[in-house]
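Subject: Structure for your review

Dear colleague,

Please find below the structure that I am handing over to you.

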Amino acid sequence: MKDTRRCKGELVRKRVCEKCGERFSTAERITAEYLQVRKRDGRTEPFSRAKIRNGILNAAVGSQLSVADVNAFVDGVVQLLNPDAPDLPVSSKDIGGLVLKQLRCNAAITDVTYIRFAMVFESKATPGGQWSAAEVRAWLERQYGPPRISVAAGTPSAVAKTNGKVEPFQPEKLSRSIELAAGAGAARQGRSLALNVTSAVTRELAGQALVTSQQIAAEALKSLRVLDQASYLRYASIVKRYRSVDDFWFDLLALEAPPRESGRIGAAGPARNTQA
């Protein structure tokens with residue numbers, strides 16, 4: 001053997017045949033199946049490709065990243081794993097750092113996926129294994145610089161719709177939908193109900209600049225259930241997308257059921273009869 005060097009995660013060795021003198025090269029790579037990982041607490045365990053894959057999938061929830069993209073990404077990370085010595089374990093910190101680096105420079109990975117993964121990985125090094133809001137802010141400023149938006153004047157200020165669009169939070173829009181649920185026959189009562197429900201929703205969601213339309217609907221239903229159960233059913237039939245009369249019965253029977261005892265775990269509500 002004449003020379004050894006590293007190249008793209010491989011050990012490239014220049015050799016000379018002892019019999020004929022011909023020169024040739026070999027490339028050696030340590031396969032992931034034989035790698036050992038040293039955890040933060042000092043334990044060692046076999047390398048798990050599935051752990052990296054599941055971590056990416058969890059961070060990419062709600063994105064357009066396909067399973068094929070994730071598998072290709074993991075393949076790339078595995079190929080880059082290159083321990084200094086085959087018999088020494090690779091630290092989980094080094095593996096996580098490599099994953100983070102590849103996430104940041106991969107065009108298919110969104111910033112949201114990158115940030116979610118970092119919040120889990122980086123927080124493991126902190127006492128208690130959980131970041132505070134101040135630590136999240138410091139990390140975001142190191143990675144992306146200061147915020148490009150200003151603090152919302154009032155909260156909630158924006159709504160994320162089920163179709164992925166974001167629009168300003170409009171209390172009057174919620175009020176109109178509650179008035180419609182109350183019915184046209186009681187205009188004055190409907191306006192009063194709408195104002196009360198809208199105030200309750202805004203109060204419950206205060207402090208959250210961005211909320212989802214599902215959150216708004218859930219808080220509105222919570223108030224309507226107490227203030228006007230008929231309007232609750234009308235509003236629920238819209239936001240829950242009732243499909244048949246059975247859905248009306250399902251919620252109505254739940255309204256009529258006696259309240260559950262506090263502290264009981266696993267108390268069953270009314271059973272839904274799905275038989276024809």
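In this predicted model, the axes of α4 and α5 come within 12 Å and cross at roughly 130 degrees. Axes here are lines fitted to C-alpha atoms, for helices over the stretch in contact, and angles run from 0 to 180 degrees between N-to-C directions. Helices (H or I, at least four residues) and strands (E, at least two) are DSSP runs, numbered from the N terminus. The two helices are therefore oblique to each other; angles under 35 degrees count as roughly parallel, over 145 as roughly antiparallel, 65 to 115 as roughly perpendicular and the rest as oblique. Their crossing is right-handed, that is, the near helix is turned clockwise from the far one by less than a right angle. On the α4 side the contact (heavy atoms within 4.5 Å) involves Asp111, Tyr114, Ile115, Ala118, Met119 and Glu122, and on the α5 side Val136, Trp139, Leu140, Gln143 and Tyr144. By type, these residues are eight nonpolar, one polar and two charged. Ala, Val, Leu, Ile, Met, Phe, Trp, Tyr, Cys and Pro count as nonpolar, Asp, Glu, Lys and Arg as charged, and the others, Gly among them, as polar.

Residues are numbered from 1 along each chain as its sequence is written. Local features need pLDDT of at least 70, side-chain atom pairs count only at pLDDT 80 or more, and totals for chains, interfaces and linings use all residues, while side-chain values use heavy atoms, with hydrogens and water left out.

A second pair is α1 and α2, whose axes come within 10 Å and cross at roughly 135 degrees. That angle makes α1 oblique to α2, and this crossing is right-handed as well. Buried means under 20% relative accessible area, exposed over 50%, and partly exposed in between (1.4 Å probe, protein chains only).

Helices α6 (residues 171–182) and α9 (residues 229–239) form another pair, with axes that come within 8 Å and cross at roughly 115 degrees. α6 is thus roughly perpendicular to α9, in a right-handed crossing. Leu174, Ser177, Ile178, Leu180, Ala181 and Ala182 of α6 meet Ser231, Arg234 and Tyr235 of α9. Ser231 is buried, at a relative accessible area of 2%, and touches Ala181, Ala182, Leu193 and Leu224, again leaving aside residues up to four places away in sequence.

Arg241, in the loop between α9 and α10 (245–256), is exposed, with a relative accessible area of 64%. Phi of Arg241 is near 55 degrees, a positive value in a residue other than glycine.

For the protein chain as a whole, there are 10 helices and nine strands, and buried residues make up 28% of its 276 residues.

Yours sincerely
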